[in-house]
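Morning, everyone. Have a look at the model first.

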Amino acid sequence: MLLVLFAAAALAGPPGFEATIQPVRWDELRGSYRAGCPVPPAQLRTVHVSYWGFDGKPRLGAVVVARRQAANIVSVFRRLWAERFPIKRLEPVSAFRGSDDASMAADNTSAFNCRLVGGTTRWSLHAYGEAIDVNPVENPYVRGSYVSPSAGRAFVDRSRYRKGMAVRGGVLVRAFAAVGWKWGASFGDYQHFSTTGR
């Protein structure tokens, strides 16, 4: 009981903010974990955090990340909560049967997904739980005329700020930078934040 109370105190943040770090459950990995993944489930954690919805109401969501990055992710969301930065949806990608496309189309913010970098045989940092895609519709992946998800076409013009967008110097980019994570804007992946920038 004392350990639980200590953990709760350690994760305290702005008024109303809640966060817990727990071992990942199988239902939080179903569809996103498969044989050959570069990290075992024991090295992953589910981070439950408060966030502000696009309707301005408080919500509680979950994201699966690498165990060694879990406290950093709590710090990021604590700051986003304090700044009232909105998140459209926050669920493990298992809620979409491991489909990155379905998760992005639903404007879902997610992290762990045991998958390759598109068009390569190299593991994505998502497969290590060391990358997060935030508000994919408002922050699409853009490469030439290709935009993913397709609803993100309305946000390809980054010069006009709309809520939920990642912008240079903005709270979302600064929150991740504060824990050493990098933004993928340099290669057109506006939703992508990771430990290495890849």
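The structure holds 1 disulfide, a term used for a pair of cysteine sulfur atoms within 2.5 Å. Cys37 and Cys114 form it, with an S to S distance of 2.1 Å. The torsion about the S-S bond is about -130°, so this disulfide is left-handed. The pair links distant parts of the chain, 77 residues apart. Cys37 sits in the loop between β1 (19–23) and β2, and Cys114 in the loop between β5 (108–109) and β6 (131–133). Helices (H or I, at least four residues) and strands (E, at least two) are DSSP runs, numbered from the N terminus. Cys37 and Cys114 are both buried, where buried means under 20% relative accessible area, exposed over 50%, and partly exposed in between (1.4 Å probe, protein chains only).

Some ground rules. This is a predicted model: local features need pLDDT of at least 70, side-chain atom pairs count only at pLDDT 80 or more, and totals for chains, interfaces and linings use all residues. Residues are numbered from 1 along each chain as its sequence is written, and side-chain values use heavy atoms, with hydrogens and water left out.

Now the hairpin. Strand β2, residues 44–52, pairs with strand β3, residues 58–66, in the antiparallel sense over 9 bridges. Pairing requires that DSSP finds at least two bridges between the strands. Trp52 has Pro58 of β3 as its bridge partner. There are 5 residues between the strands, and Gly56 takes a positive phi near 80°.

Next, helix α2, residues 70–82. Its 13 residues reach 19 Å from first C-alpha to last, close to the 18 Å expected; the expected span is 1.5 Å times one less than the number of residues. Which residues of α2 are buried? Ala70, Ile73, Val74, Val76, Phe77, Arg78, Leu80 and Trp81. Arg84 follows α2, with a positive phi near 60°.

That takes us to the core. A nonpolar core is a set of buried Ala, Val, Leu, Ile, Met, Phe, Trp, Tyr and Cys residues joined through side-chain atoms within 4.5 Å. The largest has 35 residues, and those with the most contacts inside it are Ile73, Leu80, Ile132, Phe176 and Phe193. β2, β3, α2 and α4 (171–177) each give two or more residues to this core. The largest share, 7 residues, comes from α2.

Take Phe176. Leaving out residues up to four places away in sequence, Phe176 touches Ile73, Val76, Ile132, Val134, Trp181 and Phe193; contact means heavy atoms within 4.5 Å. A second, separate core of 10 residues includes Tyr33, Leu44, Val64 and Cys114.
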